[in-house]
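Please open the model in a viewer and keep the selection tool at hand. The tour begins with the whole chain and then moves to single elements and residues.

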Amino acid sequence: MNRIPYGKHHITEDDIRAVVKTLRSEYLTQGPKVDEFEQKFAQFTGCKYAIATMNGTAALHLSALALGITPGDKVLTTPITFAASANCVIYAGGKVDFVDIDKESFLIDLNRVEDKLKKNKPGTYTCIIPVDFAGYPVRLDLLRDIADKYGCRILEDACHAPGAYYTDKDGNRQACGNCNYADAAVFSFHPVKHIATGEGGMVTTNNRTIYEKIKLLRTHGITKDPEILEENHGGWYYEMQELGYNYRIPDILCALGISQLQKIDKNLEQRNKIAQKYNNAFQNHPGIPTPVIQKQVFHAYHLYVILTDERKGLYNYLKDKNIFTQVHYIPLHMQPYYRHMGWKRGDFPVAEAYYERCLSLPIYPSLSEEEQQYVIDAILGYFS
Ligand SMILES: *Cc1c(COP(=O)(O)O)cnc(C)c1O
């Protein structure tokens, strides 16, 4: 059997044609494809504004700055996420604090968020970064109620969850990244994510001020917009108004992103089918608990995580069969960088217990039925 990774991009001939067309065009970067990708992505998530960036980490960094995280601010996030969800706070000069996860959904535990906010002086925490881990949407309607009580902003890390949605307390469908409850949301287009551009990211928001700030910071803090210039010396004139970055994404990659976005529904459908197949295969096996999903949630299945006491044995056994599962994630507070800031094993027991047993199985649109069966047979074979 071919090498089977846990996640993989799916590039088709029409993707390649779209990129080649841009390569033959006037613009390789800062051309019309950036705007088109942003507009189509905004429409897809149902938000007002979208800003494309060089990667998801740049999107997080710019969002942290635009949401006003400044030195001295403390920000809450989950330990079960990719490092960038927390690192962006430190880039902006703020301090990270973690909240343990819910043991069923593996998402940041909203009760614990509220407890933590209640126990501290008002204003201690200025922002919360919930992560739609594995593709499971966080209940942002409920988090918004909590955040409002304590004056916190919400930055949704939706890198795992384009197209996912939940039903809010009023019965309305809320898509990840639509920013009806979050101040801003971020996505990544790294090849293991749903939409692959090689490197790429996006911020979505409904807030015009945040949108304009991120656009400015994305390109060195430089503007030519006559409306906001402090002076104007002529047609050549531009101003650097803030210390920004070069976090732009080229037109070449946006052309690929637009083409990939057209196929997202199929992608999500395929991932859900594979998840259903895994659920059916393992449902009668007490040694392999499968994901528990609330009703009225549409899961994006960036990851399909099982829990097993035999994680290491299973991981090695599957690797010998050319199946490369992965562990998402080593809790962030256990990473040396964060340990050196004072966190230690035992601080977040639910996340740590989850880490002892979690394993992400292969799930991606081009995983064939034959490969799916091969994975299932291998896992059942290990346990029998
Ligand atoms: C992938 C990912 C990021 C970072 O995205 P890059 O595009 O790789 O910079 C941030 N947060 C989460 C949860 C991710 O999975």
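Begin with the whole protein displayed. Among contacts (heavy atoms within 4.5 Å) between residues at least 6 apart in sequence, 74% join residues at least 24 apart. This is a predicted model, in which local features need pLDDT of at least 70 and side-chain atom pairs count only at pLDDT 80 or more, while totals for chains, interfaces and linings use all residues. Residues are numbered from 1 along each chain as its sequence is written, and side-chain values use heavy atoms, with hydrogens and water left out.

**The whole chain**

Switch to a cartoon view. The protein contains 13 helices and 14 strands; these are DSSP runs numbered from the N terminus, with helices being H or I of at least four residues and strands being E of at least two. The radius of gyration is 21 Å, close to the 21 Å that the globule rule gives for 384 residues, so the protein is as compact as a globular protein of that length. That radius is taken over C-alpha atoms, and the globule rule is 2.2 Å times the number of residues to the power 0.38. Along the principal axes, the C-alpha trace spans about 75 × 55 × 45 Å.

Next, display the surface. The accessible surface comes to about 17500 Å², and 49% of it belongs to carbon and sulfur atoms; such areas come from the Shrake-Rupley method with a 1.4 Å probe, and for residues only the protein chains shown count as cover. Of the 384 residues, 53% count as buried, where buried means under 20% relative accessible area, exposed over 50%, and partly exposed in between (1.4 Å probe, protein chains only).

**Two domains**

Colour residues 13–261 as domain 1 and residues 264–383 as domain 2; the bounds come from an automatic or database domain assignment. The contact between them takes 40 residues from domain 1 and 32 residues from domain 2. Their C-alpha centres lie 26 Å apart.

Select Arg 144, which is found in helix 6 (residues 140–150). Is Arg 144 buried or exposed? At 14% relative accessibility, Arg 144 counts as buried. Leaving aside residues up to four places away in sequence, Arg 144 touches Cys 152, Arg 153, Ile 154, Tyr 181, Ala 182 and Asp 183.

Phi of Ala 134 is near 70°, a positive value in a residue other than glycine. Ala 134 is buried, with a relative accessible area of 5%.

**Helix 12 and its cover**

Select helix 12 (residues 349–357), where Val 350, Ala 351, Glu 352, Tyr 354 and Tyr 355 are buried. Which elements cover the buried residues of helix 12? Among them are helix 5 (110–119), strand 13 (304–307), helix 10 (311–320) and strand 14 (358–361).

**From helix 10 to helix 11**

Select Asn 322, in the loop between helix 10 and helix 11. Asn 322 has a positive phi of about 70° although it is not a glycine, and at 27% relative accessibility Asn 322 counts as partly exposed. Tyr 329 is found in the loop between helix 10 and helix 11 as well. The peptide bond from His 328 to Tyr 329 is cis, with omega near 0°.

Finish at Pro 336, in helix 11 (residues 336–339). At 37% relative accessibility, Pro 336 counts as partly exposed. Draw a C-alpha to C-alpha distance from Pro 336 to Gln 174: the two are 162 residues apart in sequence and 37 Å apart in space.
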